[in-house]
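Hi,

Here is the structure I promised to pass on.

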Amino acid sequence: MTAPVPGALGATGTQGAPGAQGFQGALGVQGFQGAQADVEPWDALVLAGGAARRMGGDDKAALSVGGARLLDRVLGAVAAARTVVVVGPRRPPVPGTRAVRWAREDPPGGGPVAAIAAGLRLVTATRVVVLAVDLPFLGAPEVQGLLDAVAAGPGGPQVALLSDPAQRPQYLAAAWRTVTLRAVLPVDPAGRSVRSLLAGQSVRTVAATERVCLDCDDPAALAVARAWA
């Protein structure tokens with residue numbers, strides 16, 4: 001559905017990201033051909049710089065689900081992006097995988113909007129997918145669904161969010177028209193909520209399963225993810 005919602009620069013570099021077909025195949029994700037066929041280029045931002053306090057301070061991106069790091073599982077979902085930007089501390093690459101660029105929010109730990117602001121400096125495509133690093137079951141088909149929802153350009157929805165079966169929007173499983181995201185970023189993004197960026201925007205929600213929307217933000221959710229994997 002479509003509905004109006006009421007109302008520092010980081011270092012760059014490279015990190016391995018799973019190859020388009022190899023990692024998708026390893027995770028058993030289907031329908032990847034649709035993402036490859038997308039003719040309008042898109043970039044991806046993966047937010048991987050949180051403090052993970054509910055995880056006891058462990059590096060959430062490095063936690064394993066189904067034999068793969070959370071970071072690598074999310075990178076697999078956006079393997080068809082023209083450019084992938086990971087915002088957060090550098091992690092060692094998986095050998096033989098595609099390069100990504102690195103950025104860092106200012107200040108470090110400044111929250112998701114600060115991370116988006118840092119990563120968006122490296123985005124050049126007209127659409128950008130913004131994802132949290134802790135979504136182990138999100139795949140290329142869901143990413144493509146988000147991109148399709150914002151494919152109409154200026155006259156259509158400017159933002160698309162995944163929505164779980166309880167109709168809760170997933171603010172960090174989203175696709176944006178890049179020009180819109182740049183326009184709504186506050187001058188001082190530290191500590192701001194992602195929800196605040198949606199004020200006055202036309203937002204389309206894309207239904208997804210409980211499994212796809214599971215975010216591993218605490219030990220209990222991580223345990224569920226490992227059991228499902």
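**What I found**

Leaving out neighbours up to four places away in sequence, Thr180 is in contact with Gln158 and Gln201, where contact means heavy atoms within 4.5 Å. Thr180 sits in helix H6, residues 178–184; helices here are DSSP runs of H or I with at least four residues, strands are E runs of at least two, and both are numbered from the N terminus. With 10% relative accessibility, Thr180 counts as buried, buried being under 20% relative accessible area, exposed over 50%, and partly exposed in between (1.4 Å probe, protein chains only).

Before I go on, the ground rules. This is a predicted model, so local features need pLDDT of at least 70 and side-chain atom pairs count only at pLDDT 80 or more, while totals for chains, interfaces and linings use all residues. Residues are numbered from 1 along each chain as its sequence is written, and side-chain values use heavy atoms, with hydrogens and water left out.

**Helix H8**

H8 covers residues 219–228, and its Ala221, Leu222 and Ala225 are buried. Those residues span an arc of only 100 degrees around the axis, so they lie on the same side of H8; the arc is taken from the directions from the helix axis to the C-beta atoms. Strand E4 (64–65) is part of what covers them. On the face turned away from the buried side you will find the exposed residues Ala220 and Ala227. Have a look at the start of H8 too: a side-chain oxygen of Asp218 comes to within 3.2 Å of the backbone nitrogen of Ala220.

**The aromatic pair**

How many aromatic pairs does the rule give? The count is one, with rings of Phe, Tyr and Trp (its six-membered ring) pairing if their centres lie within 6.5 Å; planes under 30 degrees apart are stacked, over 60 edge-to-face, and the rest tilted. The partners are Phe137 and Trp228, whose ring centres are 6.2 Å apart with planes at 50 degrees, so the pair is tilted. Phe137 is in the loop between strand E8 (127–132) and helix H5 (140–149) while Trp228 belongs to helix H8, so the pair ties together parts 91 residues apart in sequence. Phe137 is buried at 11% relative accessible area, whereas Trp228 is partly exposed at 34%.

Phe137 also has a charge over its face: Arg211 lies 4.1 Å from the ring centre. The test for that is NZ of Lys or CZ of Arg within 6 Å of the ring centre and within 35 degrees of the ring normal.

**Salt bridges**

There are eight salt bridges in the structure, each being a side-chain nitrogen of Lys or Arg within 4 Å of a carboxyl oxygen of Asp or Glu.

- Arg177 pairs with Glu40, the closest N and O atoms being 3.0 Å apart. This one links distant parts of the chain, 137 residues apart: Arg177 is in strand E10 (residues 169–177) and Glu40 in the loop between helix H2 (32–36) and strand E3 (42–47). Arg177 counts as buried, at 9% relative accessibility.
- Arg69 pairs with Asp72, with closest N and O atoms 2.6 Å apart. Both Arg69 and Asp72 are buried.
- Asp164 and Arg168 meet at 2.8 Å, N to O. Asp164 is buried, with a relative accessible area of 8%, but Arg168 counts as exposed at 51% relative accessibility.

Salt bridges that share partners also join Glu40, Arg127 and Arg177 into one network.

**Loops and backbone**

Gly110 is in the loop between strand E7 (98–103) and helix H4 (112–120), and at 8% relative accessibility it counts as buried. Which residues does Gly110 touch, not counting those up to four places away in sequence? They are Glu105, Pro189, Ala190 and Gly191. The C-alpha atoms of Gly110 and Ala190 are 4.6 Å apart, although 80 residues separate the two along the chain.

Pro107 is in the loop between E7 and H4 as well. A cis peptide bond joins Asp106 to Pro107, with omega about 5 degrees.

Lastly, check Gln167, a residue other than glycine with a positive phi near 65 degrees. Gln167 lies in the loop between strand E9 (159–163) and E10 and counts as exposed, at 68% relative accessibility.

Cheers

Conventions:
A polar contact is a pair of N or O atoms within 3.5 Å; within protein, one must be able to donate a hydrogen and the other to accept it, and residues adjacent in sequence count only if both atoms are side-chain atoms.
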